[in-house]
Amino acid sequence: MVADFALDINLSTQHNAFRKAMNDKVLVIVESPTKARTIRRFLPKNFEVEASIGHVRDLPQSASDIPKSVKGEDWARLGINVEEDFKPLYITPKGKSKIITELRRKMKEAGSVYLATDEDREGESISWHLVQLLKPKVPIKRMVFHEITRKAIEEAIQNPRDIDMQLVKAQETRRILDRLYGYTLSPLIWKKIAYGLSAGRVQSPGLRMIVERERERIRFRKAEYWDLKAELRKATANTESEAHATAPRNGRFDARLTALGGTRIAGGKDFDETTGKVIEGRDVRVLDEAETKRLTEQLKEVDWLVESVTEKQSVSRPAAPFITSTLQQEANRKLGLTAREAMRTAQRLYEEGLITYMRTDSPQLSSEAITAARGGVERDYGKNYLSPEPRQFSSKSGSAQEAHEAIRPAGSEFRRPDETGLEGKEKALYELIWKRTMASQMAEAKKSSLNVRIQAGDCTFTANGTRILFPGFLRVYVEGSDDPEAAIEDREVLLPELHEGDILSADSLIPLPHETKAPPRYTEASLVQRLEKEGIGRPSTYAGIITTILERGYIRKQGTQLVPTYTGMGVTQLLENHFEYLIKYGFTSDMETALDEIAVGERDYLEYLRAFYLGEDGLKSTVEHRESKIKPEDSRTIRLPQLDNGTEVKIGRFGPYIVHNDNDGEPVHASIPEEIAPADLTEQDIQDLIELQKNGPSPIGHDPETELPVYCLVGRYGPYVQLGDKTDEEPKPKRASVPKELNPREINLEQALRLLSLPRTLGLHPDSGKEVVAAAGRFGPYVMCDGEYRSLKKEDDVYSVSLDRALELLAEEKKGRGGRSKVLKDLGIEPTGKNRKIAIYDGKYGPYIKVGTKNVGLPENERDAETIENMTLERAMEIIKAYTKK
């Protein structure tokens, strides 16, 4: 390996320095063990690689982190000494002492140190903190690379640089801004709404987007309209030879009614979403059911004639190679990965040397990458599928933060997905990146579009057809599609050969009803797209924004939709009413621009911090001025348009609830089930909840065995059935959730008793002697034994599942909802006497520790595979203890 390096070294001063480095012992420090293992393959034997496991210094996270020397200072809780030029208080996170000690020991043995952390602001900051903490007495060099290949590592060693202090200052300023924003606003939200809530510089505008979309859905008014579909065929096409070569079978094709008496037929986009009426100024004809059916009868008696045939040829070009935001969007749409899962998977691919750096907003490809992609296209698809000239893409962003090349397969020759040895989502994501990069250098797709206007009486019908003349890049990659070949077929709508004046016959006429749809809720993909469009955050922060507002309980997932909770709406409402400028999209975008300017030395960071926090209209004075004017009762009240004057929605300790004020007595309080989204809360839901609470529960019958009443009630987590009344003697009567497929208003006694028969004890586990139980919960039926849970399969019935089947399920590897969660490491039993199992799981939002029913996310710097593998029970207990103190 040393000999390989020597081949590329000439007699220049720079290369002589490199030769010297090869003879001295050199310490290389990276962030993660995986990256260390990969980079080690390309270094001489005298180079030793160690991992810092993420950041080695940070602001204090809790009171216990604050050093005793400054505990009494007013600014200590904030972690920033504002009066001393916003000087941050850096501490070494718990669990890092051993790593720091080992790095110091290794450094003493080295003749020089290379800092090889990532090339973005965060990586630059880690390198600077390492220098500040380790205080090396040997030469320090900064090496950067955007891919982990032999060539890239050699060039990085031959061309080291100093730490870029402008990047460091930009990262530090961002960290200080986030701390000032969060620690100033969050305590106010605790006082005015509920303890434990928070605000964030980028999370709050992101939440506002989701809340605003929910409000649009609340304001939405549905419109109904009809149109007419005709199944037509050429009246003269009696032989197969008369039909077009690519015509549909039997020469039949569909056409839609588009005009009546010269007036265009209304479609969904012609209606105002807030009124359900036609937008003012639109000259359209709205059809109802009666008129559509009348037209259907009339059209049976008229002649059908082709009025015009227009054919146009067009081309479509491939999308640019991936940047961070587009990778997250496509990984979500095609692979079902969350933004965080996509980034974690991409991080592993990068650290394994399979792709280039995954935090970038530049779609450009290096000349090496273009050569590799074009060579691969010619090899796999032929020369006619290559674009005539190498295709380059330019960035739409002015960001100075990220890497300067797109996300692509690493190296000068791209490995095919099947040659990587990858499996599962790593292989799927690599294949996505490989296909997108290859497609970027392929020929344009050529298609022919056919527009046929058909006259039938005073009705005008239109048929549109599309033929793919040459698939080009579509052979490899179609946005939003998993199967390019199938996607090409889906894009083709074939029509028979038609000419002006052709006579047609109608085989069938089908009246079609339509309803306008409410604006769709955001998915992770569409939210990332909107965040990028508005300039909120940067590529590396999108996943964190979504994860934070999910974990805070400000939004929840309903399928792929991001739905705001009532708490999330309350926090947004408070910020809009009293600190609107802080969550304006333009304000947040301007902050990102300021950080970019700091990163390139075009703005003074200290002046910016002073203006933001201490200025006349700065954050500190604004909060101090507004705090006394914010009434907690108002802040806990959510204003929803569908509520009448006597009804309010409030946020309480145990979730959202309705307060209904009658003229005949005390206000009625009724919990709102979490599964009812704000926009889905109907007048009927509100009335049912009020009546149930107002009149008290009425039993749907009595249990024949116990003679106790059986009720169907609604609580925070939705409808449930209950056996008996809640009394001092029986504070917790037996309950069972009502499955979504059952209507709680229509549930009968037999169904209720069947639900209440759960949980069922199936028998004892042959190994542990513990009970095996079948039950149903919020997320479906399951079996459990000694704290181990397994969901039942579709073919299993919770009311009849046997002990043998339950044991079979319990023996399977554990998976969470969506099959995403599995045990990464079993740590044993909690050493507190509670006898609870502790294990690390790979969850949807990252690895976490599970102890009993509590889930505790692992710190960001302890999420890589090697750290998890070496995690001890003692360290896990430290993490759990720190989490509990927050």
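Over how many bridges do strand β1 and β2 pair in the parallel sense? Select residues 26–30 to find out: this is β1, and five bridges join it to β2. Strands here are DSSP runs (E, at least two residues), and helices are too (H or I, at least four), numbered from the N terminus; two strands pair if DSSP finds at least two bridges between them.

Before moving on, note that this is a predicted model, where local features need pLDDT of at least 70 and side-chain atom pairs count only at pLDDT 80 or more, while totals for chains, interfaces and linings use all residues. Residues are numbered from 1 along each chain as its sequence is written, and side-chain values use heavy atoms, with hydrogens and water left out.

Now click valine 30, whose bridge partner in β2 is alanine 51. Widen the view to an open sheet of four strands, ordered β2-β1-β5-β6 with parallel pairing. β2 and β6 (140–142) are at its edges with a single partner strand each, so one side of each has no neighbour in the sheet.

Next, select isoleucine 53, in the loop between β2 (47–51) and β3 (80–81). Its phi is positive, about 55 degrees, although it is not a glycine. Isoleucine 53 is buried (under 20% relative accessible area), at 9%.

Jump to aspartate 786, in the loop between β27 (780–785) and β28 (788–791). Here too is a non-glycine with a positive phi of about 55 degrees.

Finish at proline 759, in the loop between α23 (749–756) and β25 (760–764). The peptide bond from leucine 758 to proline 759 is cis, with omega near 0 degrees.

Technical notes:
Buried < 20%, exposed > 50% of the residue type's maximum accessible area, 1.4 Å probe, protein only.
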